[in-house]
Number of protein chains: 2
Amino acid sequence: MSIITIERKVLEKNDELAARNRELFRKNKIFTANLVSSPGSGKTSIVEKTLEHFKDKLNISVIEGDVQTNLDAERVSKYGVPVVQIVTNGSCHLEAKLVQDALQNLELDDTDVLFIENVGNLVCPAAYDLGEDMKIVIASTTEGDDKPLKYPRMFLNASVLLINKIDLIPYINCNIEVLRKNALQINPKLKIFQLSCTSGEGIEKWCSWLESMVQKK
Amino acid sequence: MSIITIERKVLEKNDELAARNRELFRKNKIFTANLVSSPGSGKTSIVEKTLEHFKDKLNISVIEGDVQTNLDAERVSKYGVPVVQIVTNGSCHLEAKLVQDALQNLELDDTDVLFIENVGNLVCPAAYDLGEDMKIVIASTTEGDDKPLKYPRMFLNASVLLINKIDLIPYINCNIEVLRKNALQINPKLKIFQLSCTSGEGIEKWCSWLESMVQKK
């Protein structure tokens, strides 16, 4: 019983800090996306492809969340953009406080888009608001077509689904129409893009949409 | 501070119940494996291939853990083996109490192997002892070769690593030698098998080892 109370308190405190982050993003007209997925679905690769696409066109900053290592921050920093690594040291999700701390290291008035790459986990990050405009869930075709049904809260709380690794479809047992149908069954409002960081297919379309989101801010 | 205390209490209570489960497994000479991995790495497919291999040769029971749905239990029950589905309803890992409850539905004195398929999550299931003989971590080649470094606790707490989907190596950016090296850097004692549920490669070797574990009980 006491656990439930404390969990609620943790979430209330988190929501309070998330609201402060959100206010900062609004003031600075930053479009902020909280990228969530299983480990290895290609969050960092999608960030890399997006940075490549918008080189010198949009100011993109990145916050990387990992249980351990700064491998992802190293990958992203090669693109010459501001990047902050959060190491959660065992925790399976990012919280608003960690993002608030990370923001101290970024020039917010000079940022158009902020990607927050969450810890690879389809469960707990769904429950934590970081102050983002939206959660974008990435699902790799290699994970199969049933994940929206098995991890519904994540797909329900996301606004966009990026179906990644579509180049592997010929070699695996994943029906992309079933995956789309399952995702829309959980969340009929989900906007879906299909892409491949290997072949480049679909990257253009995703980036156009992202640009339109920035223009709306 | 109080959160830490309560978490410790939760883990202590869990360890107590896990010890009771372990005693039950020991009495009934059951080899119990706690299968842990990211979502979509192929835990259920490996269980299916193993059931196929040992048809009429070993008595295998399965406990399926999922946040939602009984899709995995449906898949496994087609093989005519006893299977219990645990729906955690939001929780990102199995706990010993849930396994204790599930065991009420199995004939333990008639079981050689018990597979407990945990919730797809590379973080929290590492912390919860279910009473198993060992944790077996599955890593799909499609998740990349850096996961042992990014989720070290899981690879440290596991005794065996199954590298799955090796048939996809020609199409993806995963260096299997780097993956092995990273895994052994975290846990030098890790026993590693490479396999593919699609091509069948490596299944025989994994099953032979599993059989030798049963004979030791």
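Modeller: What follows is a set of questions on terms, each answered from its definition.

Modeller: This is a predicted model, in which local features need pLDDT of at least 70 and side-chain atom pairs count only at pLDDT 80 or more, while totals for chains, interfaces and linings use all residues. Residues are numbered from 1 along each chain as its sequence is written, chains are lettered from A in the order in which they are written, and side-chain values use heavy atoms, without hydrogens and water.

Colleague: Why is Asn14(B) called buried?

Modeller: Buried means under 20% relative accessible area, exposed over 50%, and partly exposed in between (1.4 Å probe, protein chains only). Asn14(B) has 3% relative accessibility, so the word is buried. Asn14(B) lies in helix H1 of chain B, where a helix is a DSSP run of H or I of at least four residues, numbered from the N terminus.

Colleague: What does Asn14(B) touch, leaving out residues up to four places away in sequence?

Modeller: Contact means heavy atoms within 4.5 Å. By that rule Asn14(B) touches Glu95(B), Ala96(B), Tyr128(B) and Asp129(B).

Colleague: What makes Glu23(A) and Arg26(A) a salt bridge?

Modeller: The rule asks for a side-chain nitrogen of Lys or Arg within 4 Å of a carboxyl oxygen of Asp or Glu. The closest N and O atoms of Glu23(A) and Arg26(A) are 2.8 Å apart, and the pair forms a salt bridge. The two residues are three apart in helix H1 of chain A, so about one helical turn separates them.

Colleague: Why is Lys150(B) called buried?

Modeller: Its relative accessible area is 6%, so Lys150(B) is buried. Lys150(B) also meets Asp146(B) in a salt bridge, at 3.8 Å from N to O. Asp146(B), at 12%, is therefore buried as well.

Colleague: How many salt bridges join chain B and chain A?

Modeller: The count between them is four. Lys150(A) with Asp72(B) is a salt bridge, with closest N and O atoms 2.7 Å apart.

Colleague: How do you know that the copies meet through the same surface?

Modeller: Of the interface residues of chain B, 100% are also interface residues in chain A, so the surface is the same.

Colleague: What makes the relation a two-fold axis?

Modeller: Copies are superposed by least squares on the C-alpha atoms of residues with pLDDT of at least 70 in both. Chain B is laid on chain A by a turn of 180 degrees and a shift of 0.0 Å along the axis, with an RMSD of 0.0 Å. The two copies are therefore related as by a two-fold rotation axis.
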